[in-house]
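I opened my notebook to look up a few things in this structure, and you are welcome to read along.

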Amino acid sequence: MDDDYWFIMGSDSQKPDTNLSFFKILPKSEHYERFKKGHGGEAYLRLGVYTKKTLSDVKKGALCTCGHEAQDHDEGDDDVCLFNDCNCKEFSSFQVNLLKRKKQLLILNS
Ligand SMILES: [Zn+2]
Ligand SMILES: [Zn+2]
């Protein structure tokens with residue numbers, strides 16, 4: 001499409017009735033253009049698990065989505081951010097754990 005592209009990931013399956021595919025519409029970027037020119041028909045993909053972290057899960061220096069560190073959030077008072085000019089009410093952070101195994105991906109339509 002003009003400014004976006006469809007990323008579609010699926011696999012050959014013994015059980016096509018229950019096979020799942022993944023798709024997402026993403027904006028074209030210079031990374032996309034470089035990949036499109038240079039992939040040579042295949043690529044390796046690493047999948048990861050995206051998990052939400054609360055104040056009790058993280059170290060003091062971990063960044064909240066408000067931009068302030070975990071130690072700037074009050075553990076006793078619903079995790080609110082202690083900066084006066086910040087309206088963050090609860091510490092939240094994300095962590096991506098990449099899985100060790102790589103998957104080979106064949107590029108079908110480029
Ligand atoms: Zn915060
Ligand atoms: Zn904050």
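I began with the spacing of the donors of the zinc ion (ligand 1), which along the chain reads C-x1-C-x6-H-x14-C. The residues behind that pattern are Cys64 (SG), Cys66 (SG), His73 (NE2) and Cys88 (SG), coordinating at 2.1 to 2.4 Å. I took donors to be N, O and S atoms within 2.8 Å of the metal (3.2 Å for Na, K and Ca); water is not among the atoms, so sites may look incomplete.

Before going on, I noted that this is a predicted model, where local features need pLDDT of at least 70 and side-chain atom pairs count only at pLDDT 80 or more, while totals for chains, interfaces and linings use all residues. Residues are numbered from 1 along each chain as its sequence is written, chains are lettered from A and ligands numbered from 1 in the order in which they are written, and side-chain values use heavy atoms, with hydrogens and water left out.

Next I checked the geometry. The four donor atoms of the zinc ion (ligand 1) make angles of 100 to 115°, and the site is tetrahedral (four donors with all angles between 85 and 135 degrees).

Then I turned to the zinc ion (ligand 2). Its protein donors are Cys66 (SG), His68 (ND1), Cys81 (SG) and Cys86 (SG), at 2.1 to 2.4 Å. Their spacing in sequence is C-x1-H-x12-C-x4-C. This arrangement is tetrahedral because the angles among the four donor atoms run from 97 to 125°.

Which residue coordinates both ions? I found that Cys66 does, and that the zinc ion (ligand 1) and the zinc ion (ligand 2) are 3.8 Å apart.

I looked up accessibility too, where buried means under 20% relative accessible area, exposed over 50% and partly exposed in between (1.4 Å probe, protein chains only). Cys64 is buried because its relative accessibility is 5%, and Cys86 is buried at 17%.

His73 got an entry of its own. Is His73 buried or exposed? It is buried, with 4% relative accessibility. I located His73 in the loop between β3 (42–53) and β4 (93–106); strands are DSSP runs (E, at least two residues; helices are H or I, at least four), numbered from the N terminus. Its side chain reaches the backbone oxygen of Glu69 at 2.9 Å. Leaving out residues up to four places away in sequence, His73 touches several residues, including Leu55, Asp79 and Phe91 (contact means heavy atoms within 4.5 Å).

I also searched for the largest nonpolar core. It has seven residues: Leu55, Cys64, Ala70, Cys81, Cys86, Cys88 and Phe91. Such a core is a set of buried Ala, Val, Leu, Ile, Met, Phe, Trp, Tyr and Cys residues joined through side-chain atoms within 4.5 Å.

How many aromatic pairs are in the whole structure? My search gave four. One of them is Trp6 with Phe23, a stacked pair with 5.0 Å from centre to centre and 20° between the planes. Rings of Phe, Tyr and Trp (its six-membered ring) pair if their centres lie within 6.5 Å, and planes under 30 degrees apart are stacked, over 60 edge-to-face and the rest tilted. Trp6 sits in strand β1 (residues 4–9) and Phe23 in strand β2 (residues 22–27), 17 residues apart. Phe7 and Phe22 are edge-to-face because their planes stand at 70°, with ring centres 6.2 Å apart.

Note on methods:
Tetrahedral: all angles 85-135°; square planar, octahedral: opposite > 155°, others 65-115°. Polar contact = N/O pair within 3.5 Å; in protein donor to acceptor, adjacent residues only side chain to side chain.
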